[in-house]
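Hello,

Here is the structure we talked about handing over. Please load it first, then read the notes below.

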Amino acid sequence: MAELKLSCHCGKVRGVAHDVSPSIGNRLICYCESCQQFPIKLGKGGQVVDEYGGTDIYQLPPGQLKITEGVEEIRCLRHTSEGLYRFYAGCCDTPFANSPGPGMPFIGLLHVVDSQPEQRDAHIGGIRAHVNTVEATKPLPKDRKYGLAMVIVRIVSQMIWWRVTGRAKPHPFFTDDGLPIVEPEVR
Ligand SMILES: [Zn+2]
Ligand SMILES: [Zn+2]
């Protein structure tokens, strides 16, 4: 099992995703407009998404992600009051992760905080799916058009398994009472 060492751009916020492997979690590219907006709102537009507006995301169980340094720098934004919780490092506005909340125990970790991107394929495997492809900023090549149904089936069964095996908790971004560790800003 491998470990993903995580860091914001300036290095104040650090973390680790432990016991990862290509068979655990889901690595996907999401092209949804909301994922595109997240870095734009932090002033990091072109530095996060690929040429098609896609974000490389690794979905993993909350209990396998730990923020080891700089947790006081973590900020939360939601595009709407019902939207996904999106967490970033306020020290340097690095987008970090998204979460639907503690009721659906998975975290989508953004590729930009992976300190060893050259090891990414070895640690967590290749891209399993491309999702929300209709919102891509330009037509996608044929090999990028697959996967949403498979990802939904996979993540739902994984969440059940993670709950059973105790990996849904602790959640790095929510308290045991189910509240986000910082008040979300809606913008
Ligand atoms: Zn930082
Ligand atoms: Zn998205």
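**Zinc site**

Cys 32 has 12% relative accessibility, so Cys 32 counts as buried (under 20% relative accessible area; exposed is over 50%, partly exposed in between; 1.4 Å probe, protein chains only). Cys 35, at 6%, counts as buried too.

Before going on, the ground rules. This is a predicted model: local features need pLDDT of at least 70 and side-chain atom pairs pLDDT 80 or more, while totals for chains, interfaces and linings use all residues. Residues are numbered from 1 along each chain as its sequence is written, chains are lettered from A and ligands numbered from 1 in the order written, and side-chain values use heavy atoms, without hydrogens and water.

The zinc ion (ligand 2) is coordinated at 2.2 Å by the SG atoms of Cys 30, Cys 32 and Cys 35. Donors are N, O and S atoms within 2.8 Å of the metal (3.2 Å for Na, K and Ca); water is not among the atoms, so sites may look incomplete. Along the chain, the donors of this zinc ion are spaced C-x1-C-x2-C.

**Aromatic pairs**

There are three aromatic pairs in the structure. Rings of Phe, Tyr and Trp (its six-membered ring) pair if their centres lie within 6.5 Å; planes under 30 degrees apart are stacked, over 60 edge-to-face, the rest tilted. Tyr 85 and Phe 174 pair edge-to-face, at 5.0 Å centre to centre and 90° between the planes. Tyr 85 is in strand β7 (residues 85–89) and Phe 174 in the loop between α4 (148–164) and β11 (185–186), so the pair ties together parts 89 residues apart in sequence. Helices (H or I, at least four residues) and strands (E, at least two) are DSSP runs, numbered from the N terminus.

Phe 87 and Phe 173 are stacked, at 4.3 Å and 10°. Phe 87 and Phe 173 are both buried. Tyr 85, Phe 87, Phe 173 and Phe 174 make up one aromatic cluster.

**Charges over rings**

The cut-off: NZ of Lys or CZ of Arg within 6 Å of the ring centre and within 35 degrees of the ring normal. The charged end of Arg 78 sits over the ring of Tyr 85, 3.8 Å from its centre. Lys 138 lies over the face of Tyr 52, 5.2 Å from the ring centre.

Regards
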